[in-house]
Amino acid sequence: MDSDINKRLKDVPSGIKQTLEKKDGLFRLHMMGKRVNYAARSVISPDPNINMDEIGIPMVFATRLTYPEPVTFWNWSELSKAVINGPHVHPGATHVQNEDGSLILLRNERQRKAIAKTLLAKEKLSSAKVPKKVYRHLKNSDILLLNRQPSLHKPSIMAHKARVLSGEKTLRLHYANCKTYNADFDGGEMNAHFPQGELARSEAYSIVSTQNQYLVPKDGTPLSGLIQDHVVSGVLLTLRDRFFDKGDYQNLLMVALPDFTSPFKVLPPATCICKPKELWTGKQADKERFKIIAEGRDCGLEAAADAFVVKNVKDK
């Protein structure tokens, strides 16, 4: 009896409520969750070894996401190598676009080598001033727009620089961005979008970058910060009985300042313990790191005193 009723109900057309509701409804399936090109989606995993403004991209995504880069005299050599590598070897390319807009699919090695030699050559019958374009693979430092649903505020979409990781299957995210995306690593997924124009890329680098999304638009409180592993390691680093020799101390400073270009000293004026071996504490490493940053950049920190305080703007 029940099975007969279920069969009859399946034949009944769905009403307005059924058309709109749930994941298969009109809004969530076709309007909020439509499929787009040049995008990727995967599970996110933590990775404290990448920079805060980077996103770890699996190789399977890097060989399928492409960017149409115009061929010029300055990038001809790099794009020629990408064409020769083809669609299956990273960094490679999948297509070449002629001046008239026609696309050439890169197939066998002989064809790819022949096309690579003619990237700078113009077609005889073509009068277009548009150069050829090579649809190259995603590579390191390319900009990507990352999004985690639900998108509740502006920083739910931010720009990250790609770090292509071989052997990985998931997107690798730095811990400091967890609060911004309201993300955890229990199997949640994120979307990555690859901008396809120079204007979009420049805006992503300069406006949408994670470096420019530090404060909440709502009330100005900090969004990004050191959490979880960073808090634990910070406590362990500054314990009273934790000492480091010269090599470990210098390594701590160099790892903490990877993008610092100004020259700086890697040893403090005095050691904490002189004999039988010269040793430094983790607190000295932290203090020296803040001092280096304050002296190398005009960031408003006073590094002359024992404790770092923000300079008074009126005194400047």
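Helices (H or I, at least four residues) and strands (E, at least two) are DSSP runs, numbered from the N terminus. The model is predicted: local features need pLDDT of at least 70, side-chain atom pairs count only at pLDDT 80 or more, and totals for chains, interfaces and linings use all residues. Residues are numbered from 1 along each chain as its sequence is written, and side-chain values use heavy atoms, with hydrogens and water left out.

**Figure 1. Overview of the protein.** The secondary structure comprises 11 helices and 14 strands. Of the 316 residues in the protein, 34% are buried; buried means under 20% relative accessible area, exposed over 50%, and partly exposed in between, with a 1.4 Å probe and protein chains only. A contact is defined by heavy atoms within 4.5 Å. Among contacts between residues at least 6 apart in sequence, 66% join residues at least 24 apart.

**Figure 2. Leu106 in the loop between S5 and H6.** Leu106 is found in the loop that lies between strand S5 and helix H6. Is this residue buried or exposed? Leu106 counts as buried because its relative accessibility is 3%. Gly86 is 20 residues away from Leu106 along the chain, yet the C-alpha atoms of the two are separated by 6.2 Å. With neighbours within four places in sequence left aside, the contacts of Leu106 are Val83, Pro87, Ala93, Thr94, His95, Val96, Gln111, Arg112 and Ile115.

**Figure 3. The open sheet of four strands.** The order of the 4 strands in this open sheet is S3-S6-S4-S5, and the pairing is antiparallel. Strands S3 (66-70) and S5 (103-105) stand at the edges with a single partner strand each, so one side of each has no neighbour in the sheet. On average, neighbouring strands of this sheet are turned by 25° against each other, direction ignored; the axes used for such angles are lines fitted to C-alpha atoms, for helices over the stretch in contact, and angles run from 0 to 180 degrees between N-to-C directions. Two strands pair if DSSP finds at least two bridges between them.

**Figure 4. Strand pairs within the sheet.** S3 and strand S6 (residues 133-137) are antiparallel and pair over 5 bridges, and Glu69 stands opposite Val134 in S6. In S3, 4 of the 5 residues are buried, so this strand is largely enclosed by the rest of the structure. Strand S4 is also mostly covered, with 4 of its 5 residues buried. S4 is joined to S6 by 4 bridges in an antiparallel arrangement, where Gln97 has Lys133 as its bridge partner in S6. S4 (residues 93-97) is joined to S5 by 3 bridges, and these two strands run antiparallel. Ile104 in S5 is the bridge partner of Val96. The hairpin of S4 and S5 has 5 residues between the strands, and Gly101 there takes a positive phi near 95°.

**Figure 5. Helix H6 and its two faces.** Which residues of helix H6 (residues 109-117) are buried? They are Arg112, Ile115 and Ala116. Seen down the axis of H6, these buried residues fall within an arc of 100°, so they line one face of the helix; the arc is that of the directions from the helix axis to the C-beta atoms. The face turned away from this buried side carries the exposed residues Arg110 and Lys117. The buried residues of H6 pack against helix H5 (76-85), S4 and S5. At the start of H6, a side-chain oxygen of Asn108 comes to within 3.3 Å of the backbone nitrogen of Arg110.

**Figure 6. The nonpolar cores.** A nonpolar core is a set of buried Ala, Val, Leu, Ile, Met, Phe, Trp, Tyr and Cys residues joined through side-chain atoms within 4.5 Å. The largest has 21 residues, of which Ile57, Leu138, Leu144, Leu146 and Leu171 touch the most other members. Strand S8 gives the most to this core, with 3 residues. A second, separate core of 11 residues includes Ala93, Ile115, Leu119 and Val134.

**Figure 7. Ala40 in strand S1.** Ala40 lies in strand S1 and counts as buried because its relative accessibility is 11%. Ala40 and Phe194 are 154 residues apart along the chain, and their C-alpha atoms are separated by 8.6 Å. Leaving aside neighbours within four places in sequence, Ala40 is in contact with Phe61, Leu65, Met190, Asn191 and Ala192.

Methods: Polar contact = N/O pair within 3.5 Å; in protein donor to acceptor, adjacent residues only side chain to side chain.
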